[in-house]
Amino acid sequence: MKHKITAEKIFFSVAIFNICIVYILLIASKGQFIYALTYDESNFCDFWNHVKRLLFEQHIYTSDADAIFPPLAYLFLKMFAYPLKYKAEAGDDFWSISQHGYGTLMVVMYLLLFAWLLMIAVHIYYKTGSYVKESALLGILFFSYLIWGFAFERGNLVLYTTVFLMFGLALRDSPNKILREISLIMVAVAAGFKLYPALFGFVWIAEKRYKEAVRMVAYGLAAFFIPFLFVDRFTNYLRTFIQYLDKKSYSHASVWGVVLNTFGDGRYTQMLCRGIVVAIILWALYVMFADGINWKTLTLLTATQTMIIPEQYVYTYVFVMIPLICFLNEAGKRRIDYLYAFLFAALFTMPPILRGGAEAGRLFGYGC
């Protein structure tokens, strides 16, 4: 019997082909093509900048305006910072700690833990029943330069935020009551790492799971406020948060960056940006309540995680793993699904086709 072409096969075929092309280009260019795929060699700067605060600052939220993570995120990062505390107390400087020996090991452990959790999350969320397909999808994700070229390269906590959010969505329909409760906690933890994933709580409201939604809010409040007992003070965080809003830093991948770089930074363009952001959020919520929970409505909701924050970079596109897996679960043999499969594969794996240099990957990622 002939095996019919499915959208799932299109995705895997195109993605694997693109990854091969990327690595051929890397070899042919003796590695120089890497600059079209990444931000540059920043040496896991997002990871180390926050670990640095834990090692050298008595009060994290008074250090600078970029100390913006909620306290749960810093409590999590303590697992990787405090094994290095003795070096800071012995007088080693930050550069020496981050670039040598056990500092390198901490980065490896940080990424390996994420990889292990992602493997579990994909196994739970991807309803294929095939070990080969699960392994292929994991391979595609890890070899996607959106993952290793942006999120890994920065070491940003968006990696863990995404995987906890994926756990929450994957477990919400479990027949096991305990696992369904864990799903609520996972979404609360994701919001405790980066506040804006709290919007995914509307998934439970759209499904009329009001009691679960109320418990999720309770978990979310606990995940936000309790860690202040162990990480600085709320008043310091509030001051830093206000300073962050005044930074006026706009990334290429955000609505703000596109509008302001095109029309200039003025009173009316700032109002336009706010209007577009509000419109995206309201549109995503309206469609979700109108059409229910499916890969398309989750894609729109994911846009609230990847486009609306002014200083938000392409590494946030790792959130698109969630609607991708949902698409693979739902995709049939309609012709339009073949196009969607190609676009998903292109987003994660297609080599940059714009101008070279450090910004090419960023601009291509936004264009997708």
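Reader: Why is cysteine 20 called partly exposed?

Author: In this predicted model, cysteine 20 has a relative accessible area of 44%. Buried means under 20% and exposed over 50%, with partly exposed in between, so at 44% cysteine 20 is partly exposed.

Reader: And what makes cysteine 326 count as buried?

Author: Its relative accessibility is 9%. The cut-off for buried is under 20%, so cysteine 326 counts as buried.

Reader: Let's turn to threonine 162. Why is threonine 162 called buried?

Author: Happy to! The relative accessible area of threonine 162 is 0%, and buried means under 20%, so threonine 162 is buried. This threonine is found in helix 9, which covers residues 158-171.

Reader: Which residues is threonine 162 in contact with, leaving aside its neighbours within four places in sequence?

Author: Val318, Phe319, Met321 and Ile322. Contact here asks for heavy atoms within 4.5 Å. As for threonine 297, its C-alpha is 17 Å from that of threonine 162, and the two are 135 residues apart in sequence.

Reader: Which residues touch the most other members of the largest nonpolar core?

Author: Phe11, Leu137, Tyr160 and Phe164 do, in a core of 111 residues. Leaving aside neighbours within four places in sequence, tyrosine 160 is in contact with Phe76, Phe80, Tyr110, Leu113, Phe114, Leu117 and Phe193. Apart from that core lies another, of nine residues, among them Val259, Leu260, Ile280 and Ile308.

Reader: Val259 and Leu260 bring me to helix 14. Which residues of helix 14 are buried?

Author: Helix 14 runs over residues 255-263, and its buried residues are Val255, Trp256, Gly257, Val259 and Leu260. These buried residues pack against helix 15. After helix 14 comes glycine 264, with a positive phi near 90°.

Reader: What is the volume of the largest pocket, and which residues lie nearest its centre?

Author: The volume is about 930 Å³. Of the 35 residues that line the largest pocket, Ile68, Tyr244, Ile309, Glu311 and Gln312 lie nearest its centre. Helix 2 (45-56), helix 13 (234-245) and helix 15 (267-291) are the elements giving two or more residues to the lining, and helix 2 gives the largest share, five residues.

Reader: How do the residues of that lining divide into nonpolar, polar and charged?

Author: The lining of the largest pocket has 18 nonpolar, seven polar and ten charged residues.

Technical notes: Residues are numbered from 1 along each chain as its sequence is written. This is a predicted model: local features need pLDDT of at least 70, side-chain atom pairs count only at pLDDT 80 or more; totals for chains, interfaces and linings use all residues. Side-chain values use heavy atoms; hydrogens and water are left out. A nonpolar core is a set of buried Ala, Val, Leu, Ile, Met, Phe, Trp, Tyr and Cys residues joined through side-chain atoms within 4.5 Å. Buried means under 20% relative accessible area, exposed over 50%, partly exposed in between (1.4 Å probe, protein chains only). Helices (H or I, at least four residues) and strands (E, at least two) are DSSP runs, numbered from the N terminus. On a 1 Å grid over the protein atoms alone, a cavity is a set of points where a 1.4 Å probe fits but cannot get out, and a pocket is an open set with protein on both sides within 12 Å along at least five of seven lines; lining residues have an atom within 4 Å of a point. Grid points are joined across faces, edges and corners, and a volume is the space filled by probe spheres set on the points. Ala, Val, Leu, Ile, Met, Phe, Trp, Tyr, Cys and Pro count as nonpolar, Asp, Glu, Lys and Arg as charged, and the others, Gly among them, as polar.
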